[in-house]
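Have the sequence and the 3D view ready.

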2 protein chains.
Amino acid sequence: MSALDRLVRALGELVDTTPASLADARADRSGHAAPGTPLAVVHAETVEQVQQVMRIATATRTPVVVRGAGTGLAGAANGGEGEIVLSTRRMTAVREIRADDLLAVVEPGILNAELNALLTEHGLWWAPDPASRDISTVGGNIATGAGGLLCAKYGVVRDAVLGVDLVLADGRLLHLGHRSVKGVTGLDLTSLVIGSEGTLGVVVGATLKLRRLVEGSICTIAATFPDVRAAAAASAAVTAAGIQPAIMELMDAASLSAVASLLALPSPDAGSAQLTIQTDGPAAAVEADAIAAILRAHGGATQVSHDREEGERLLAVRRSMHPAMAALGTTLIEDVSVPRSAMPAMFDEIARIEREYGLAIPTVAHAGDGNLHPNFIFEGAEPPEHVWAAADELFRAAIALGGTLTGEHGIGTLKSRWLAAELGDDQWELQRQITRVFDPLGILNPGKVFAHA
Amino acid sequence: MSALDRLVRALGELVDTTPASLADARADRSGHAAPGTPLAVVHAETVEQVQQVMRIATATRTPVVVRGAGTGLAGAANGGEGEIVLSTRRMTAVREIRADDLLAVVEPGILNAELNALLTEHGLWWAPDPASRDISTVGGNIATGAGGLLCAKYGVVRDAVLGVDLVLADGRLLHLGHRSVKGVTGLDLTSLVIGSEGTLGVVVGATLKLRRLVEGSICTIAATFPDVRAAAAASAAVTAAGIQPAIMELMDAASLSAVASLLALPSPDAGSAQLTIQTDGPAAAVEADAIAAILRAHGGATQVSHDREEGERLLAVRRSMHPAMAALGTTLIEDVSVPRSAMPAMFDEIARIEREYGLAIPTVAHAGDGNLHPNFIFEGAEPPEHVWAAADELFRAAIALGGTLTGEHGIGTLKSRWLAAELGDDQWELQRQITRVFDPLGILNPGKVFAHA
């Protein structure tokens with residue numbers, strides 16, 4: 001019996017082969033699509049169903065692509081020819097919320113924003129805050145190691161997950177990690193799974209480390225600079241001064257202009273760049289004033305707001321970046337991350353690459369943590385060769401500055417050709433061998449992450 | 001040529017075979033010693049020397065035990081018959097301190113306290129704060145995933161390491177991790193190495209994530225309770241009230257009494273238990289008052305000090321626990337960790353086990369994070385069978401309460417017989433296979449962690 005027949009016999013109507021669903025499962029928000037058509041999309045609703053799918057996949061040697069809401073930006077959850085797309089999007093239960101132990105146990109399909117809406121009622125929140133939070137799932141967040149806007153102050157995803165339940169390629173269920181603040185029993189497989197992009201197993205549950213809602217006001221500073229380097233230098237000066245904002249976002253001129261178009265806002269001054277900074281907690285107002293003074297000393301025209309809603313409006317400009325880029329054409333969104341002190345130098349490198357390749361590379365940055373998103377825009381489905389060549393220069397520049405290929409989007413298919421350049425061949429091979437321990441048949445997301453391009 | 005001859009030819013006087021050194025390298029601060037005598041202690045001073053040792057070990061199939069200051073409490077760094085003890089204690093260089101990027105690059109042999117003394121000059125600190133900080137190394141801290149007193153507020157070791165340089169079993173050097181705040185390129189091998197207790201390779205360098213020194217005062221609250229359960233319930237109430245102290249240490253009657261003996265302090269009241277709590281930062285005084293009110297409502301007699309030195313004196317009682325226990329006999333120090341809400345129930349379980357086995361089990365706890373250190377005291381070198389049986393009950397009770405076998409000391413030899421009970425056989429085997437990817441010949445710390453007892 002074929003893999004598809006077995007799936008249908010075991011899972012009935014959860015097996016979806018409608019052309020629209022199959023087409024949808026080929027692509028993510030990067031705009032890129034896997035070649036060919038997947039076998040089926042299975043909408044698993046229980047852990048047991050995930051296990052059934054994996055047993056059938058193992059028995060029939062069928063590749064499996066795990067998928068949440070499909071908002072990835074590196075192609076890791078795109079299903080191609082002959083592959084089973086295993087969706088955990090319907091697994092949205094919140095099994096437990098413990099205010100006393102500051103933890104929640106959730107299924108992977110719940111949206112980040114939905115989870116935080118529930119937690120707010122308990123005076124709690126889960127810190128990871130991707131720009132896509134309204135449309136992306138907790139499971140996708142874990143699978144990619146997605147970061148977001150708050151990481152410099154409130155940590156990355158890896159700091160906010162205590163344990164995961166993982167279904168292996170052969171269908172066995174493992175409980176990794178712990179529920180206590182501390183735990184060093186054996187190897188830390190929870191951290192290994194975070195950011196593994198569907199290559200080690202299927203995350204079917206997660207024990208999340210929560211924080212109490214931050215008390216006090218939120219202050220927002222918007223500052224305009226004559227050029228992007230001045231804005232980057234000002235943001236590095238804020239960090240170097242020892243003040244820790246909750247959010248510090250940088251947008252260059254091309255980004256501001258694209259968002260202004262999308263949202264029908266007035267056009268920004270030519271060449272100008274912007275920092276949008278939020279402070280929170282009991283010292284929010286004092287910190288905001290100190291930050292504003294630093295920004296002015298670096299040539300910024302500042303505006304400080306103590307109103308939470310106005311702050312959200314100012315940040316909405318930043319959160320609209322991705323749709324604004326998508327409106328311009330097909331995008332290749334990069335995600336390099338550098339030490340904070342190297343931010344100005346990285347913007348110099350981007351300007352150099354723009355000149356050398358005759359390209360505009362609209363760039364936003366989580367300036368508080370040194371994570372930049374340069375965007376390449378082009379016509380058609382696939383990046384032309386000179387875009388790949390420019391991206392190659394960009395990666396090598398980031399690595400030369402002590403940085404990394406991807407801060408929060410992951411490797412997927414779009415960055416797999418550079419993985420060995422950063423890891424070195426020895427580490428690349430070691431990592432690939434580790435995936436084989438979890439997945440000896442190589443059926444979990446083949447062609448992603450560890451596929452040399 | 002024998003392994004020892006090759007070592008001497010390659011490394012000369014760094015190869016130490018004096019009987020005192022060999023005897024010393026057999027044991028750690030747990031008081032337990034490996035059987036037999038190691039081949040040699042090699043005092044590596046450079047990365048290249050570590051690589052030479054590992055090449056010789058691989059060529060001659062000789063087991064290697066990596067060792068720092070030998071302050072471990074689970075036997076993981078004890079060298080036994082025919083093994084090379086590879087000491088990194090002399091590798092103490094601080095290669096880089098970056099206040100702007102909040103990172104330091106260090107060698108593994110530097111003591112925790114020495115590093116923080118250096119960082120203080122830059123207005124920085126590295127948060128991991130094991131009780132042994134004056135005598136334990138950063139490398140040992142990373143190898144065990146050691147926690148300490150500040151974890152609930154300032155995180156565990158895994159939250160404070162960005163990257164490690166690792167020499168593999170065959171002598172190859174890998175650079176794992178990154179220097180930026182964010183980084184998700186490939187699998188997170190840095191986290192995998194943290195807590196791996198010498199089974200994956202030799203940590204020869206680490207990129208540490210630093211914090212700025214906390215501004216404001218430090219307040220210390222000492223509170224005495226009629227019994228340990230009342231103290232545990234009070235500490236859980238502090239956490240549940242949403243106040244986050246920097247330190248919250250609990251000592252039971254037997255612990256207090258042993259430390260009083262050691263330090264020649266007045267004897268505590270029979271049966272009484274103590275909480276020692278510190279708050280820090282701008283809100284320290286307000287938080288201390290709120291905590292004192294909660295403790296009084298739970299039957300505590302409280303004393304609040306705003307003097308930093310007096311606070312250190314109060315904490316010195318807690319930091320003297322290990323020597324106080326050692327003065328009573330041989331100790332088996334346990335290290336279970338439970339969700340914070342389960343602390344009172346865990347103390348009930350300890351009381352039950354004391355009654356059932358006719359044992360006193362002096363216990364201290366990092367009450368802020370639910371990590372307990374029950375101590376079994378006995379005569380002679382090896383725990384008698386009824387102590388192992390009581391320890392077995394203790395572990396199973398912790399696991400039943402949602403806890404874990406070890407919060408911060410690691411598995412070593414003393415807890416390896418319970419590892420599979422917590423992980424399950426499937427995960428145990430998977431983890432063992434991962435160690436084989438790093439160490440195909442099985443020469444790294446054989447008989448530790450993954451050795452079934």
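## How to read the model

This is a predicted model, in which local features need pLDDT of at least 70, side-chain atom pairs count only at pLDDT 80 or more, and totals for chains, interfaces and linings use all residues. Residues are numbered from 1 along each chain, chains are lettered from A in the order written, and side-chain values use heavy atoms, without hydrogens and water.

## Two copies

The same surface serves both, as 100% of the contact residues of chain A recur in chain B (contact means heavy atoms within 4.5 Å).

## A sheet in chain B

Five strands of chain B form an open antiparallel sheet, in the order β5-β6-β10-β8-β9. Strands here are DSSP runs of E with at least two residues, and two of them pair if DSSP finds at least two bridges between them. At the edges lie β5 (94-98) and β9 (173-177) of chain B, each pairing on one side only.

Four bridges join β6 (residues 103-106) to the antiparallel β10 (residues 202-209) in chain B. Here B:Leu103 stands opposite B:Lys209.

## Two helices in chain B

Helices are DSSP runs of H or I with at least four residues. The axes of α1 (residues 3-11) and α3 (residues 47-60) of chain B come within 10 Å and cross at roughly 155° (axes are lines fitted to C-alpha atoms over the stretch in contact, with angles from 0 to 180 degrees between N-to-C directions). Therefore α1(B) and α3(B) are roughly antiparallel (angles over 145 degrees).

Terms used:
Angles under 35 degrees count as roughly parallel, over 145 as roughly antiparallel, 65 to 115 as roughly perpendicular and the rest as oblique.
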